[in-house]
Number of protein chains: 2
Amino acid sequence: MSNGKHLAKGSTAPVLPDDGKLVLYSMRFCPYAQRVHLMLDAKKIPYHTVYINLSEKPEWYFEKNPLGKVPALQVPGKEGVTLYESLVLADYIEEAYSAQQRKLYPIDPFRKAQDRILIERFNGVITAYYRILFSTDGIPPGAITEFGIALDVFEKELKSRGTAYFGGDKPGMIDYMIWPWCERVDLLKFALGDKYELDKERFGKLLQWRDLMEKDEAVKQSFISTENHTKFLQSRKNGENNYDILA
Amino acid sequence: MSNGKHLAKGSTAPVLPDDGKLVLYSMRFCPYAQRVHLMLDAKKIPYHTVYINLSEKPEWYFEKNPLGKVPALQVPGKEGVTLYESLVLADYIEEAYSAQQRKLYPIDPFRKAQDRILIERFNGVITAYYRILFSTDGIPPGAITEFGIALDVFEKELKSRGTAYFGGDKPGMIDYMIWPWCERVDLLKFALGDKYELDKERFGKLLQWRDLMEKDEAVKQSFISTENHTKFLQSRKNGENNYDILA
């Protein structure tokens, strides 16, 4: 992943080489965009990254994506329009590059559907996570309990699969789609004043999995330390939105 | 579709013939469940329907689906577990029955992704629709405008595709996934006291499409008249939840 700066209002659209590569519009700290980086990196698909300043969006970006959202993917030969929505992109990449690249979903439609249900259910973890992280008036009652219960589903699933990763002996679609928030889980200490740590017994399998995931080649490419995530979060909370901390 | 009654708390799980058919757990007025009926009916895949009383869920149902949600699909040979989430089911059915049955998604992954984005964007219509329908203290400001703007996207898309249906000369995945709320659009009159009608100019293409859709064989099989939808809505608003109006 490049260490480019985030393009803002008043910028001009970057001119990229006509080399047949995908272009991913991203934001360095966006977990949804990270999902797509992870997939492309896991499949070793070459691509350009253009970082977008989401609080001061470039005017030209709305021509690429009318909703102004990231992640968005521009496919060679389809320059007038981007694809967006992280899970739609995940499915697109899986299908469009299925012939040559490593598959992330099981081939069997039933098992694939079970994986997709789990990815949907991870929204429960995400919702509780943000309720805690962006609470302004004390932690909402029940949010920590809710977070734990939503995460229990994944601990239980990993145990019942009996494999190192949700995808088996290598990370698969579930692993990469839930990873961005797992990378950020220690940020909860920021909101909870060092009071929060994942219980080592309750989440034993997930903690082992997290250690393994941190060593994965694709994960390493977009990995950001808790220290840097915290810096960005602080800049976001005080309204500075310092997207370029790492640039 | 059968005209069975909705099974409630205290009921016993129905014993179905061992005939290799899918079993769809449904609720007669649930638009998300209707999505799955539409797909199965369009693909002419035989299935059993078991209706679930959602306000008094049968105890046995939680063994079928731990979340107690409908729609849920039981696949022959996989009796211990159901698949759920309407869009996951849609993808599963499309993939598992792709060899023999009519395809509802385009084969090209790029065009398929574009269709999936539109289905995601229809959530904007759904959200605004329920904000109007279930408002208790007057219509929330902006909700009607929001509903119209979200629907504009679909009018514009149908115009730009230049086809009778989103799927081309036959209904495809978008058509069936958005249909349940389009069938129910005149229910807005219930909330708005006869003041709401889709503007014939602004939504000209969609209104033509709606007339065509009503004649579709798959749509006819789960179709409920506005009159009956209204009866159910009234029963829901006054806390009776009369699921069996049509049984």
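What follows starts with the overall build of chain A and then turns to a helix pair in chain B.

The model is predicted. Chain A holds 10 helices and 4 strands. Read from the N terminus, its elements run β-α-β-α-β-β-α-α-α-α-α-α-α-α.

Now consider the dimensions. The C-alpha trace of chain A spans about 50 × 45 × 30 Å along its principal axes. Chain A has 247 residues, and a compact globule of that length would have a radius of gyration near 18 Å. Chain A has 18 Å, so the value agrees with the globule rule. Buried residues make up 50% of the chain. Contacts also reach across the sequence. Of those in chain A between residues at least 6 apart, 71% join residues at least 24 apart.

Next, move to chain B. Helix H4 of chain B covers residues 109–133, and helix H5 of chain B covers residues 143–161. Their axes come within 8 Å and cross at roughly 150 degrees. Angles over 145 degrees count as roughly antiparallel, so H4(B) and H5(B) are roughly antiparallel to each other. The crossing is left-handed.

Which residues in H4(B) and H5(B) meet? From H4(B) come, among them, B:Leu118, B:Phe122, B:Val125 and B:Ile132. H4(B) also brings charged residues to the contact, including B:Asp115, B:Arg121 and B:Arg131. The H5(B) side includes B:Ile144, B:Phe147, B:Leu151 and B:Phe154, as well as B:Glu146, B:Glu157 and B:Arg161. By class, the contact of H4(B) with H5(B) has 13 nonpolar, 1 polar and 6 charged residues.

Notes
Residues numbered from 1 in each chain as written. Chains lettered and ligands numbered in written order. Predicted model: local features only at pLDDT ≥ 70, side-chain atom pairs only at ≥ 80, totals over all residues. Heavy atoms only, no water. Axes fitted to C-alpha atoms, helices over the stretch in contact; angles between N-to-C directions. Helix = DSSP H or I, 4+ residues; strand = E, 2+ residues; numbered from the N terminus. Parallel < 35°, antiparallel > 145°, perpendicular 65-115°, else oblique. Left-handed = near helix turned anticlockwise from the far one by under 90°. Contact = heavy atoms within 4.5 Å. Rg over C-alpha atoms; globule rule 2.2 N^0.38 Å. Buried < 20%, exposed > 50% of the residue type's maximum accessible area, 1.4 Å probe, protein only.
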